[in-house]
Amino acid sequence: MNTAPIFAPPDTPCELRGEHRPVDLVFLARQTGGDRALEEEVLRLFAKQAAILGNDLRSSSDCDFRKRQAHTLKGAARAIGAFGLADQAMLIESDPDNTAPVTALLREVETVRDYIASLLR
């Protein structure tokens with residue numbers, strides 16, 4: 001079984017470097033113990049979950065629900081190394097009445113999902 005991480009380490013050529021990567025791939029590799037199949041599965045699941053939670057945040061006006069969904073998204077994003085997305089979710093979690101951060105969060109969700117899709121091709 002191949003136990004090498006699915007993604008290249010940060011010192012290899014890549015168009016997205018350092019903090020510009022929507023997902024910290026080194027962090028993800030540590031989280032999964034370098035298990036390639038697990039990395040792929042976690043990213044696929046996260047992409048689906050992020051889309052659902054983002055849509056929930058866009059369509060709901062219930063502040064308690066928005067807070068719970070943002071909290072869930074924040075934790076899931078941190079677990080895979082999508083720290084920018086986690087920060088956006090935290091803004092909503094800390095002020096669920098404010099709908100302004102939702103637009104930025106939805107853009108970040110799409111950025112992360114697009115990045116994941118490009119990795120899994």
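This is a predicted model: local features need pLDDT of at least 70, side-chain atom pairs count only at pLDDT 80 or more; totals for chains, interfaces and linings use all residues.
Good morning. Two packed helices are described by the angle between their axes and the distance between the axes. The axes in question are lines fitted to C-alpha atoms over the stretch in contact, and the angles run from 0 to 180 degrees between N-to-C directions.

I begin with α2 and α5. Their axes lie 10 Å apart and the helices pack at an angle of about 160 degrees. Angles over 145 degrees count as roughly antiparallel, and α2 and α5 are therefore roughly antiparallel to each other. The crossing of α2 past α5 is left-handed. On the α2 side, the residues that meet α5 include Leu 43, Phe 46, Ala 47 and Ala 50. On the α5 side, Val 102, Leu 105, Val 109 and Ile 116 are among them. Sorted by class, this contact has twelve nonpolar residues, one polar and two charged.

The second pair is α3, residues 63–80, and α4. Here the axes come within 8 Å and cross at roughly 160 degrees. α3 and α4 are therefore roughly antiparallel to each other, and their crossing is left-handed. Among the residues making the contact are Lys 67, Ala 70, His 71 and Leu 73 of α3, together with Leu 85, Ala 89, Met 90 and Glu 93 of α4. By class, there are nine nonpolar, one polar and five charged residues in the contact of α3 with α4.

Glu 93 lies in α4, which spans residues 83–94. Is Glu 93 buried or exposed? Its relative accessible area is 14%; under 20% counts as buried, so Glu 93 is buried. Leaving aside residues up to four places away in sequence, Glu 93 touches Lys 67, Ala 70, His 71 and Lys 74.

In soluble globular proteins, nonpolar side chains tend to be buried together. The largest nonpolar core of this model has 26 residues, of which Val 23, Phe 46, Leu 73, Ile 80, Leu 85, Leu 105 and Ile 116 touch the most other members. Which elements give two or more residues to this core? They are α1 (25–31), α2 (36–59), α3, α4 and α5 (100–119). The largest share, seven residues, comes from α5.

Finally, consider Ile 80. Not counting residues up to four places away in sequence, Ile 80 touches Val 23, Asp 24, Phe 27, Leu 28, Val 42, Leu 43, Phe 46 and Ile 116. Thank you.

Key: Residues are numbered from 1 along each chain as its sequence is written. Side-chain values use heavy atoms; hydrogens and water are left out. Helices (H or I, at least four residues) and strands (E, at least two) are DSSP runs, numbered from the N terminus. Buried means under 20% relative accessible area, exposed over 50%, partly exposed in between (1.4 Å probe, protein chains only). Contact means heavy atoms within 4.5 Å. Angles under 35 degrees count as roughly parallel, over 145 as roughly antiparallel, 65 to 115 as roughly perpendicular and the rest as oblique. A crossing is left-handed if the near helix is turned anticlockwise from the far one by less than a right angle, and right-handed if clockwise. Ala, Val, Leu, Ile, Met, Phe, Trp, Tyr, Cys and Pro count as nonpolar, Asp, Glu, Lys and Arg as charged, and the others, Gly among them, as polar. A nonpolar core is a set of buried Ala, Val, Leu, Ile, Met, Phe, Trp, Tyr and Cys residues joined through side-chain atoms within 4.5 Å.
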